[in-house]
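These are my notebook entries on a structure that I had not examined before. I set down each item in the order in which I looked it up.

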Amino acid sequence: MRSKVLLIIIFSTFFHLAGFAQEEEILEKDSKKEKRNKEVVYKPIDPVAPSRAAFYTTIVPGLGQIYNRKYWKVPLVYAGIGIPVYFWADNQRNYDRYRNEYKNRLQGKVDQTDETLAGLDEERLLDGQNFYRKNRDLSVVIAIGFYVLSIVDANVDAHLMQFNVNENLTIKPVIEFDQKSLTQQQQYQYAINVQYRF
């Protein structure tokens, strides 16, 4: 009898403490939520910020990303523009080599110092010229494309920085088990839960 009473006292104390701990957690969450709401300061939307970021990137590539505080994108911008510029310079140098050798062949001169071009006939020299000219032009198009992409990225990123993403508006996919049709068959229901808190 004493052991049953002792067990009842222990269990009731345990459940009372557990309930008290849950109440403390709820109060703690509410206080954190209030602090978070107080910390959120209204920041007015600056409609000029996206155009300013795009302008900065237009003047100096990567400056718009710095303005948006997305510093990790700056090396990507310079790599995206710098690598095609490097290949443009390399293709231009090879194009000039083949063109000059072709001009010398038309004048009857053969440059024996350049071993790779000395063994080629005029048709191969023209093919080499066309190949390097196409690659040079493609490098220019890619460099310009990355330049324009960096401008668009700075503009869009500045727009998205002003987008409201607080806890008051949430969209969560939900999969629920249908409790009503337990006797018939197990069915799942799919839904999207949209909440807006005032």
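**Entry 1: surface and overall make-up.** I looked up the accessible area and found that the protein exposes about 16,000 Å², with carbon and sulfur atoms supplying 62% of it. Such areas come from the Shrake-Rupley method with a 1.4 Å probe, and for residues only the protein chains shown count as cover. I note that this is a predicted model, in which local features need pLDDT of at least 70 and side-chain atom pairs count only at pLDDT 80 or more, while totals for chains, interfaces and linings use all residues. Residues are numbered from 1 along each chain as its sequence is written, and side-chain values use heavy atoms, with hydrogens and water left out.

I then recorded that 20% of the 198 residues count as buried. Buried means under 20% relative accessible area, exposed means over 50%, and partly exposed lies in between (1.4 Å probe, protein chains only).

**Entry 2: secondary structure.** I found six helices and two strands, in the sequence pattern α-α-α-α-α-α-β-β. Helices (H or I, at least four residues) and strands (E, at least two) are DSSP runs, numbered from the N terminus.

I checked helix 4 (residues 74–106) for length: at 1.5 Å a residue its 33 residues should span 48 Å, and its end C-alpha atoms are 48 Å apart, which agrees. The expected span is 1.5 Å times one less than the number of residues. Gly 108, which follows helix 4, has a positive phi near 90 degrees.

**Entry 3: helix 6.** I turned to Gln 129, which lies in helix 6 and is buried at 8% relative accessibility. Leaving aside residues up to four places away in sequence, Gln 129 touches Tyr 95, Tyr 98, Arg 99 and Tyr 102; contact means heavy atoms within 4.5 Å.

Asp 157 is also found in helix 6 (residues 122–161), and its relative accessible area of 11% makes it buried. I noted a separation of 9.3 Å between the C-alpha atoms of Asp 157 and Gly 64, which are 93 residues apart along the chain.

**Entry 4: a nonpolar patch.** I listed a surface patch formed by Trp 88, Val 140, Ile 144, Val 148, Val 152, Val 156, Leu 160 and Phe 163, with about 730 Å² of accessible area together. Patches take residues with over 30% relative accessible area and no salt bridge, joining like charges within 9 Å and nonpolar side chains (Val, Leu, Ile, Met, Phe, Trp, Tyr) within 5 Å. Helix 6 gives the largest share, six residues. Val 152 in helix 6 is partly exposed at 45% relative accessibility.

**Entry 5: salt bridges.** I searched the whole structure and found seven salt bridges, each a side-chain nitrogen of Lys or Arg within 4 Å of a carboxyl oxygen of Asp or Glu. In helix 4, Arg 99 and Asp 96 are three residues apart, about one helical turn, and their side chains form a salt bridge (3.4 Å, N to O). Arg 99 is partly exposed at 28%, as is Asp 96 at 23%.

Another salt bridge joins Lys 73 and Asp 153 (3.1 Å, N to O). This pair links distant parts of the chain, with Lys 73 in the loop between helix 3 (63–67) and helix 4, and Asp 153 in helix 6, 80 residues apart. Lys 73 is buried at 13%, whereas Asp 153 is partly exposed at 25%.
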